[in-house]
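Take a look at the fold below. This report walks through its cores, its loops, a helix, a hairpin and its cavities.

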Amino acid sequence: MSLLGKAGRAPAARESGFAAHRAGVDRLLASYRAIPRDANVRLAKKTSNLFRARAKSNAPGLDVSGLTQVISVDPSAKTADVAGMTTYEDLVAATLPYGLVPMVVPQLKTITLGGAVTGLGIESTSFRSGLPHESVLEIDVLTGAGEILTATPDGEHAELFRGFPNSYGTLGYSTRLKIELESVLPYVALRHVRFHDLGELQSTMTRIIADRSYDGERVDYLDGVVFTAQESYLVLGRQTDEPGPVSDYTGMDIFYRSIQHDSDRPKRDRLTIHDYIWRWDTDWFWCSRAFGTQNPRIRRMWPKQYRRSSFYWKLIALDHKYDIADKLEARKGNPPQERVVQDIEVPIERTAEFVQWFLDEIPIEPLWLCPLRLRDGASGTRPWPLYPLEPERAYVNVGFWSAVPTVPGQPEGAANRAIENKVSELDGHKSLYSDSYYGKDEFAELYGGEIYTELKKRYDPDQRLLDLYSKAVQRK
């Protein structure tokens, strides 16, 4: 039954949601006060979507166990109040019965709303709706000073509101976010358009962003996959309420393989809106192949509830802990692997150049493409100093997640450093959820500089929280 039928209970549900949230905030503050003054403040969180190694700490962490719920959904205003550690899986489950979803839903179920805002998220609506932090209306932040402050675009703490995206918990942690939602229809009609040339792929993305259509048909969702320089695809989605058969990629069929075809005519497909949102999660894009899950014999035996990104992440965590992959490579006489797990953004006009360079230099495929542009209007011109994208300029996020053999004699992180250099050369940026190798001055120039320093002084005066360079590069 639709939750719209429960309108009479909405005020009581809202009051109950905020009461539970206040209790969670009280536990959070109590745990903050229990952390020794000489210890850095961290989350007491067992799971993470970060791929950066993190130094261990013996100090107690922040208790965020009471901050994992959707507090309230207002279907009339198309807004939701959400606790900071709520996963997008739970958020979508709460909003979709109203025919609503967040403006941008990152592609993995266990990414949290607070994590996507403080660490940046992206998805196939980003070419029209920007990044998750652009649909935030206000944020309650536990600062390094131990205060809960409400930050809004134009209020007393507007500079914290603008500086929070890409701060990765170094200015504070979100306890509540009020966000915009958008209406959706029950199905998504897909077209998989093949390209034999990266330049043509690039120019087509540019036209779609400008026109919001392709070949006379509206485009609501836009991302793509590059297999080789001669085989790449754009996946174009259109919302629809037309009934009809739908595909299922949670079983034996694999979504990214379904994209491929030999024809120059688009291949068509349909998914429910729910299955479209989580189309990449079942196989963690294509990373499940590392565990053999794409082998039909193994896949048939692999329990369906474990075909999801959060379970694959647990396997990766075990590998990190025990160096399983490197030990297996050593038994074959091979060198250790360098992990190359990154998302970068380059201006759309440099996309073909970057992708060709990457295919020539880094032995990883496929690559994910996700065009983005800051939202039009006031939010589109608002500066986000810790990740400075230009308003009215289109970019393309390129995601690649694998490992390459190390080369004897080369410094640690040689492949990652080469990527960083190329991205900077092309006037781009990279996300900081994985390993980084920037020098301190270069990092400051790219990620906030003096603006970030001033924010730290105001909102974390006693340096209770790690700074961004220490977290992202020094792995503290």
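A residue counts as buried when its relative accessible area is under 20%. Keep that cut-off in mind, and remember that this is a predicted model.

**Two loop residues with positive phi**

Start with the loop between helix 5 (158-163) and strand 6 (172-183), where Asn-166 lies. Asn-166 is not a glycine, yet its phi is positive, at about 75°. Is Asn-166 buried or exposed? Its relative accessibility is 0%, so Asn-166 counts as buried.

Tyr-168 is found in the loop between helix 5 and strand 6 too. Tyr-168 also has a positive phi, near 50°, in a residue other than glycine. With a relative accessible area of 8%, Tyr-168 is buried.

**Buried residues by value**

| Residue | Relative accessible area |
|---|---|
| Asn-166 | 0% |
| Tyr-168 | 8% |
| Gln-342 | 2% |

**Gln-342 and its surroundings**

Gln-342 lies in strand 13. Which side chain does the side chain of Gln-342 meet in a polar contact? The partner is the side chain of Asn-416, at 2.6 Å. Beyond its neighbours within four places in sequence, Gln-342 is in contact with several residues, including Val-398, Phe-400, Trp-401, Tyr-433 and Asp-435.

**The nonpolar cores**

Now move to the nonpolar side chains. In soluble globular proteins, nonpolar side chains tend to be buried together. The largest nonpolar core of this model has 82 residues. Which members touch the most others? They are Ile-179, Trp-280, Trp-286 and Phe-443.

A second, separate core holds 36 residues. Among them are Ile-208, Ile-209, Leu-236 and Ile-419.

Go back to Trp-280. Leaving aside neighbours within four places in sequence, Trp-280 is in contact with Phe-255, Tyr-256, Ile-259, Phe-285, Trp-286 and Trp-368, among others. Its contacts also include Gln-107, Glu-123 and Asp-223.

Helix 12 spans residues 351-361. Its buried residues are Thr-351, Ala-352, Phe-354, Val-355, Trp-357 and Phe-358. An α-helix has 3.6 residues a turn, so residues three or four places apart point the same way. What do the buried residues of helix 12 pack against? The list includes helix 6 (198-211), strand 10 (221-228) and helix 14 (414-425). Strand 13 (337-347), strand 14 and strand 15 (395-405) are on it as well.

Pro-366 lies in the loop between helix 12 and strand 14 (367-372). The peptide bond from Glu-365 to Pro-366 is cis, with omega near -5°.

**A hairpin**

Strand 1 (residues 70-74) pairs with strand 2 (residues 79-83). The pairing is antiparallel and runs over four bridges. Asp-74 has Thr-79 in strand 2 as its bridge partner. The two strands form a hairpin, with four residues between them. Lys-78, in the turn, has a positive phi of about 55°.

**Cavities**

How many cavities of 30 Å³ or more does the model have? The count comes to three. The largest cavity has a volume of about 100 Å³. It is lined by 15 residues, and the closest to its centre are Val-105, Thr-125, Tyr-221, Tyr-276 and Ile-277. Strand 3 (100-102) and helix 8 (273-277) each supply at least two residues of that lining. Helix 8 gives the largest share, three residues.

Methods:
Residues are numbered from 1 along each chain as its sequence is written. This is a predicted model: local features need pLDDT of at least 70, side-chain atom pairs count only at pLDDT 80 or more; totals for chains, interfaces and linings use all residues. Side-chain values use heavy atoms; hydrogens and water are left out. A nonpolar core is a set of buried Ala, Val, Leu, Ile, Met, Phe, Trp, Tyr and Cys residues joined through side-chain atoms within 4.5 Å. Buried means under 20% relative accessible area, exposed over 50%, partly exposed in between (1.4 Å probe, protein chains only). Contact means heavy atoms within 4.5 Å. A polar contact is a pair of N or O atoms within 3.5 Å; within protein, one must be able to donate a hydrogen and the other to accept it, and residues adjacent in sequence count only if both atoms are side-chain atoms. Two strands pair if DSSP finds at least two bridges between them. On a 1 Å grid over the protein atoms alone, a cavity is a set of points where a 1.4 Å probe fits but cannot get out, and a pocket is an open set with protein on both sides within 12 Å along at least five of seven lines; lining residues have an atom within 4 Å of a point. Grid points are joined across faces, edges and corners, and a volume is the space filled by probe spheres set on the points.
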